[in-house]
Amino acid sequence: MKPLLELICPAGSLPALKAAVDHGADGVYLGLKDNTNARNFSGLNFDARTLAEGIRYAHAKGAKVLMALNTYPQPATLARWHAAVDTAATSGVDAIILADPGLMAYARKTHPNLRLHLSVQGSATSYEAVNFYRERFGIQRAVLPRVLSLAQVENVVQHTDVEIELFGFGGLCVMVEGRCLLSSYACGDSPNTFGACSPGHAVRWEQTPKGMETRLNGVLIDRYADNEKAGYPTLCKGRFEVQGETYYALEEPTSLNSMELLPEMARLGIAAIKIEGRQRSPAYAAQVTKVWRAAIDAVKRSAETFKPNPAWMAELNKVSEGSMHTLGAYYRPWK
Amino acid sequence: MKLALGPLLYYWSREDTLAYYEAAAGWPVDIVYLGETVCSRRHLLRLQDYLGLAEKLVAAGKEVVLSTQTLIESESDLKALRKLVKDGRFLVEANEWGAVRLLAQANQAFVSGPTLNVYNPDTLTLLADMGAKRWVPPVEMPRDMLAAMLASGNHPAGMETELFGYGRLPLAYSARCFTARHYNLQKDDCQFKCLEHPDGLTLRSREGEDFLTLNGIQTQSAKIMNLAHRLDELRSTGVDVLRLSPQFRHMERVVNVFRALLDGDIAPAEATHRLDRIMPGRPCDGYWLGEAGMAYTGMQAQA
């Protein structure tokens with residue numbers, strides 16, 4: 001039987017993994033300390049020792065460990081991605097999350113029993129695409145990009161055997177994941193090949209007479225008045241000028257929070273809910289996991305009467321980017 | 001090296017679009033890509049119109065490729081995709097993996113488009129096995145990575161490489177329409193505002209620096225990628241086809257400059273000089289050198 005609404009939480013470090021597991025995650029996802037995953041930030045991720053300890057800890061408490069190898073291997077360094085797949089297989093993770101078909105072919109051939117998930121970075125938005133990965137590589141789960149309305153998600157679910165995982169909460173990509181080169185256009189490093197968007201080394205913060213300015217490789221992403229809280233210059237969330245009007249031209253600095261849609265997601269048979277945020281602290285992992293555990297348990301008890309508890313929403317808003325949240329593309333008018 | 005006219009990324013009036021392809025039949029390009037790759041709401045030309053244009057272009061001696069929509073969201077998107085694949089008379093450019101699946105099922109040869117994210121020889125080999133005969137690397141792929149792709153022992157035999165060589169770079173796709181958002185409209189009621197912006201809407205930093213271009217659900221560079229000055233390198237790297245991406249004005253002149261360049265009638269410096277005067281923005285070439293895409297080295301520091 002397919003799982004229903006498993007709670008999959010971010011583990012950017014061993015302490016974050018333990019926090020998520022302790023607060024009720026059904027699974028955690030993590031990456032290695034290099035560009036084989038899409039959160040390639042210094043100080044994050046796992047080496048051989050922490051990976052072994054993390055897997056031991058999670059399995060002892062009944063939680064699964066998923067390893068993200070969701071960047072695109074490149075010719076000069078292909079061996080690094082192959083080695084990462086081998087590491088995943090021998091370390092005993094429960095699944096690997098991949099974006100690149102070539103790497104899936106390698107995993108399938110070399111480790112036929114290793115469970116494969118399609119990463120959101122694979123940009124599969126239709127059941128034809130999802131079924132391509134199913135037929136070719138036997139993927140068992142697909143994480144859908146944050147672009148479909150719930151009715152469109154339902155259409156995917158109805159036409160595939162692949163388990164569907166949706167994003168529930170966290171930083172929101174306004175672009176189709178895996179199909180966004182804005183970061184490399186501005187500063188040379190892309191999520192697809194480098195594993196990071198708007199990377200820290202390209203960021204400058206500068207207090208000027210006009211206000212606090214944030215730049216990415218020299219491009220002014222935003223400028224903040226004294227009464228405004230300056231945010232990280234993720235380049236799709238800056239204020240820009242179009243035809244003489246200055247505004248958040250692409251997206252506001254806001255987080256996704258789809259909690260109110262949980263009963264509908266349960267009805268559709270969504271296998272898992274993913275929480276974004278491997279770059280966040282263990283305290284974030286603990287707080288968000290705790291709230292979503294309670295919410296998913298409440299939906300499973302009684303979907304008909306489920307309403308997000310205002311206290312939960314207040315907790316989540318505290319850790320949201322810009323302290324705001326949105327239903328994103330799940331809610332059609334957002335588009 | 002062959003010249004290709006890439007798919008029209010903007011939304012022009014029916015008259016302008018038909019006149020553009022009418023004229024293109026007489027331009028010195030070898031390949032013409034047709035079809036709507038950006039937005040399913042753009043309906044002034046339907047598949048039947050494109051098939052009619054395709055026939056005329058073939059009669060004029062062009063190779064025609066029909067390009068598929070990049071972001072597939074709904075069942076009606078899939079229906080349109082299936083219709084396009086079913087026609088079967090023309091080569092198809094697959095811009096997402098659902099299209100690859102349908103084309104492989106139909107045993108049709110195809111072009112692997114730039115958004116399939118082919119960054120390594122294993123994925124390219126897989127595509128070759130499924131019927132790809134030409135591939136367009138991601139627009140961010142640097143020269144050295146492309147060279148490694150083409151030099152590797154397992155580069156599929158007969159697979160042509162087409163490089164995005166001129167035009168605003170398509171950088172990102174979203175469920176959201178940024179043009180509609182600019183006019184405070186919802187996508188479902190966008191009033192087809194893209195028609196008013198035949199080269200897209202320029203997004204500037206608050207210091208007035210042209211940064212990006214809004215084109216409906218697609219975000220492009222504000223700068224114009226131009227690799228004319230790198231022709232020798234393109235040749236030695238193994239590029240078979242150079243893609244020129246349509247702009248609203250002066251496209252015939254752009255094509256003529258590249259034709260003259262490829263034929264050896266003008267030097268790269270002269271081609272660059274001529275293109276600088278007719279491109280609707282400042283140039284960039286950073287991706288080719290492995291730098292930020294918006295960077296520009298130009299003729300300086302040429303090896």
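How many C-beta neighbours does A:R80 have inside 10 Å, and is A:R80 buried, partly exposed or exposed? A:R80 has 15 such neighbours and therefore counts as partly exposed. The views below come from a predicted model, in which local features need pLDDT of at least 70 and side-chain atom pairs count only at pLDDT 80 or more, while totals for chains, interfaces and linings use all residues. Residues are numbered from 1 along each chain as its sequence is written, and chains are lettered from A and ligands numbered from 1 in the order in which they are written.

**View 1. A:R80 in helix α3 of chain A.** Helix α3 covers residues 78-91; helices (H or I, at least four residues) and strands (E, at least two) are DSSP runs, numbered from the N terminus. A residue is buried if 20 or more other C-beta atoms lie within 10 Å of its own, exposed if 12 or fewer, and partly exposed in between, with C-beta atoms placed from the backbone. Not counting residues up to four places away in sequence, A:R80 touches A:D34 and A:T36; two residues are in contact if their C-beta atoms, placed from the backbone, lie within 7 Å. A:N35 is 45 residues from A:R80 in sequence, and the two are 9.1 Å apart in space, C-alpha to C-alpha.

**View 2. Helix α4 of chain A packed with helix α5 of chain B.** Two packed helices are described by the angle between their axes and the distance between the axes. Here α4 (residues 101-110) of chain A and α5 (residues 121-130) of chain B meet at an angle of about 90 degrees, and their axes are 7 Å apart. That angle makes α4(A) roughly perpendicular to α5(B). The contact uses A:P101, A:G102, A:A105 and A:Y106 from α4(A), and B:D122, B:T123 and B:L126 from α5(B). By class, four residues in the contact are nonpolar, two are polar and one is charged. Axes are lines fitted to C-alpha atoms, for helices over the stretch in contact, and angles run from 0 to 180 degrees between N-to-C directions. Angles under 35 degrees count as roughly parallel, over 145 as roughly antiparallel, 65 to 115 as roughly perpendicular and the rest as oblique. Ala, Val, Leu, Ile, Met, Phe, Trp, Tyr, Cys and Pro count as nonpolar, Asp, Glu, Lys and Arg as charged, and the others, Gly among them, as polar.

**View 3. B:M130 in helix α5 of chain B.** B:M130 counts as buried because it has 21 C-beta neighbours inside 10 Å. Leaving aside neighbours within four places in sequence, B:M130 is in contact with B:V100 and B:A104. B:R243 is 113 residues from B:M130 in sequence and 23 Å from it in space, C-alpha to C-alpha.

**View 4. The largest nonpolar core.** This core has 205 residues, and A:V28, A:L69 and A:I96 have the most contacts inside it. A nonpolar core is a set of buried Ala, Val, Leu, Ile, Met, Phe, Trp, Tyr and Cys residues joined through C-beta atoms within 7 Å. Helix α9 (residues 282-301) of chain A gives the most to the core, with eight residues. Domain 1 (6-172 + 254-334) and domain 2 (185-247) of chain A both give residues to the core, so it lies between them. Among the residues that A:V28 touches are A:C9, A:L17 and A:V65.

**View 5. The two domains of chain A.** Domain bounds come from an automatic or database domain assignment. The centres of domain 1 and domain 2 of chain A, taken over C-alpha atoms, are separated by 27 Å. Their contact takes 11 residues from domain 1 and seven residues from domain 2. On the side of domain 1 that touches domain 2, three residues are nonpolar, six polar and two charged.

**View 6. A:L5 and A:S123, two residues with positive phi.** A:L5, in the segment before β1 (6-10) of chain A, has a phi near 50 degrees. A:L5 is buried, with 22 other C-beta atoms within 10 Å. A:S123 lies in the loop between β5 (116-118) and α5 (127-137) of chain A, and its phi is near 60 degrees. A:S123 counts as buried, with 27 C-beta neighbours inside 10 Å.
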